[in-house]
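Please look at the sequence and the model first.

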Amino acid sequence: AVVSTQSTGENSSEQGEDVRLEILFPNSITGAVIGTKGETIKELRTKTNTQILISHEVLFGSTDRSICVSGASTDIRECVRYLAAILHENPAKGNHVPFRVNSHIQMQRPGRIIHQG
């Protein structure tokens with residue numbers, strides 16, 4: 001699930017505008033994204049020319065963690081394809097409790113979730 005997107009206001013010429021995308025992943029899959037000794041995430045950052053940050057803790061009331069991808073929009077699209085492949089190859093294990101947003105938060109800031117961890 002996509003949590004939010006945000007333009008940084010910068011332009012990376014042919015690559016398109018720089019953006020930040022937050023995606024929710026089940027906690028049980030984040031190990032596959034990171035890989036042994038961080039090799040998978042390092043390779044993903046290099047191949048897609050993006051910055052990738054994974055939250056240290058699950059989101060409140062869920063078993064989801066936030067993965068934040070920053071870079072040019074075309075690079076982020078490529079990164080999301082890789083992440084989707086990882087998700088497809090490594091289905092969630094155990095009981096997955098998805099993150100739910102309270103309706104009053106949605107009304108205050110539609111399309112965005114702010115998480116302080």
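## Basis

This is a predicted model, in which local features need pLDDT of at least 70 and side-chain atom pairs count only at pLDDT 80 or more, while totals for chains, interfaces and linings use all residues. Residues are numbered from 1 along each chain as its sequence is written, and side-chain values use heavy atoms, with hydrogens and water left out.

## Overall make-up

The protein has four helices and four strands, where helices (H or I, at least four residues) and strands (E, at least two) are DSSP runs numbered from the N terminus. Their order from the N terminus is β-β-α-α-β-β-α-α.

Of the 117 residues, 32% are buried (under 20% relative accessible area, 1.4 Å probe, protein chains only).

## Nonpolar core

A nonpolar core is a set of buried Ala, Val, Leu, Ile, Met, Phe, Trp, Tyr and Cys residues joined through side-chain atoms within 4.5 Å. The largest one holds 15 residues, and Phe25, Val33, Ile52, Ile67, Val69, Cys79 and Leu83 touch the most other members. Elements giving two or more residues to this core include strand S2 (17-26), helix H1 (27-34) and helix H3 (73-89). H3 gives the most, with four residues.

Leaving aside residues up to four places away in sequence, Val33 touches Phe25, Thr40, Ile41, Ile54, Ile67, Leu83 and Ile86 (contact means heavy atoms within 4.5 Å).

## Helices H1 and H3

Ile29, Ala32 and Val33 in H1 meet Leu83, Ile86 and Leu87 in H3. The two helices, H1 and H3, pack at an angle of about 120°, and their axes are 10 Å apart.

How values were computed. Buried means under 20% relative accessible area, exposed over 50%, partly exposed in between (1.4 Å probe, protein chains only). Axes are lines fitted to C-alpha atoms, for helices over the stretch in contact, and angles run from 0 to 180 degrees between N-to-C directions.
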